[in-house]
Amino acid sequence: MTPSMLRQLWSLVETTQASTLVNLDDASLVQCLLKQFNKEAAINGNEAALLRDYICSRISLIRDMAEARLSGDASA
């Protein structure tokens, strides 16, 4: 996976509604991010598989970041 793809993915995570990231089950969260990523940049099957594996390995971090954003919104 390229550095550009990684930057794009994490940008997507940051711009996706935190409540969506927290409330979806793991499989739906992975599919949601892959679908959004593919809208922005067409990727081939190999890249999609790499991205899927990467997202799966980072689900806890993605949810932690989203929960932190939700907590920050509540205290504002």
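Reader: How far is the sulfur of C32 from the closest cysteine sulfur?

Author: This is a predicted model, and in it the cysteine sulfur closest to that of C32 belongs to C56. A disulfide needs two cysteine sulfur atoms within 2.5 Å. The sulfur of C32 is too far from its partner for a bond, because the distance is 13 Å.

Reader: How many disulfides does the structure hold?

Author: For C56, the closest cysteine sulfur is in C32, and at 13 Å it is too far for a bond. The count of disulfides in the structure is zero.

Reader: Is C32 buried or exposed?

Author: A residue counts as buried under 20% relative accessible area. C32 has a relative accessible area of 18%. Therefore C32 is buried.

Reader: What is the radius of gyration of the protein?

Author: The C-alpha atoms fill a box of roughly 40 × 20 × 20 Å along the principal axes. A compact globule of 76 residues would have a radius of gyration near 11 Å. The protein agrees with that value, as its radius of gyration is 12 Å.

Reader: What share of the residues counts as buried?

Author: The protein exposes about 4600 Å², and carbon and sulfur atoms supply 51% of that area. Of its 76 residues, the share that counts as buried is 30%.

Reader: Which residues is I55 in contact with, leaving aside its neighbours within four places in sequence?

Author: I55 has its place in helix α4, residues 45-57. I55 counts as buried because its relative accessibility is 0%. Leaving aside neighbours within four places in sequence, its contacts are L9, V30, L33, L34 and I62.

Reader: How far apart in space are I55 and L29?

Author: In sequence, I55 and L29 are 26 residues apart. In space, from C-alpha to C-alpha, the distance is 8.9 Å.

Reader: What part of the contacts with a separation of 6 or more joins residues 24 or more positions apart?

Author: Contact here means heavy atoms within 4.5 Å. Among contacts with a separation of 6 or more, the part from residues 24 or more positions apart is 73%.

Reader: What separation do the C-alpha atoms of S71 and A18 have?

Author: S71 lies in helix α5, which covers residues 59-75. S71 is partly exposed because its relative accessible area is 49%. Along the chain, S71 and A18 are 53 residues apart, and their C-alpha atoms are separated by 10.0 Å.

Reader: What is the separation for N38 and Q17?

Author: N38 is in helix α3, residues 26-40, and counts as partly exposed at 40% relative accessibility. N38 and Q17 are 21 residues apart along the chain, with their C-alpha atoms separated by 18 Å.

Reader: Is P3 buried or exposed?

Author: P3 is found in helix α1, residues 3-15. Its C-alpha atom and that of G45, 42 residues away along the chain, are separated by 18 Å. Exposed means over 50% relative accessible area. P3 has 54% relative accessibility, so P3 counts as exposed.

Reader: How far apart are the mean positions of the positive and negative charges?

Author: The protein has 7 positive and 9 negative charges. The distance from the mean position of the positive charges to that of the negative charges is 5 Å.

Terms used:
Residues are numbered from 1 along each chain as its sequence is written. This is a predicted model: local features need pLDDT of at least 70, side-chain atom pairs count only at pLDDT 80 or more; totals for chains, interfaces and linings use all residues. Side-chain values use heavy atoms; hydrogens and water are left out. The radius of gyration is taken over C-alpha atoms; the globule rule is 2.2 Å times the number of residues to the power 0.38. Buried means under 20% relative accessible area, exposed over 50%, partly exposed in between (1.4 Å probe, protein chains only). Accessible areas come from the Shrake-Rupley method with a 1.4 Å probe; for residues, only the protein chains shown count as cover. Lys and Arg count as positive and Asp and Glu as negative; His and the chain ends are not counted. The place of a charge is taken as NZ of Lys, CZ of Arg, CG of Asp or CD of Glu. Helices (H or I, at least four residues) and strands (E, at least two) are DSSP runs, numbered from the N terminus.
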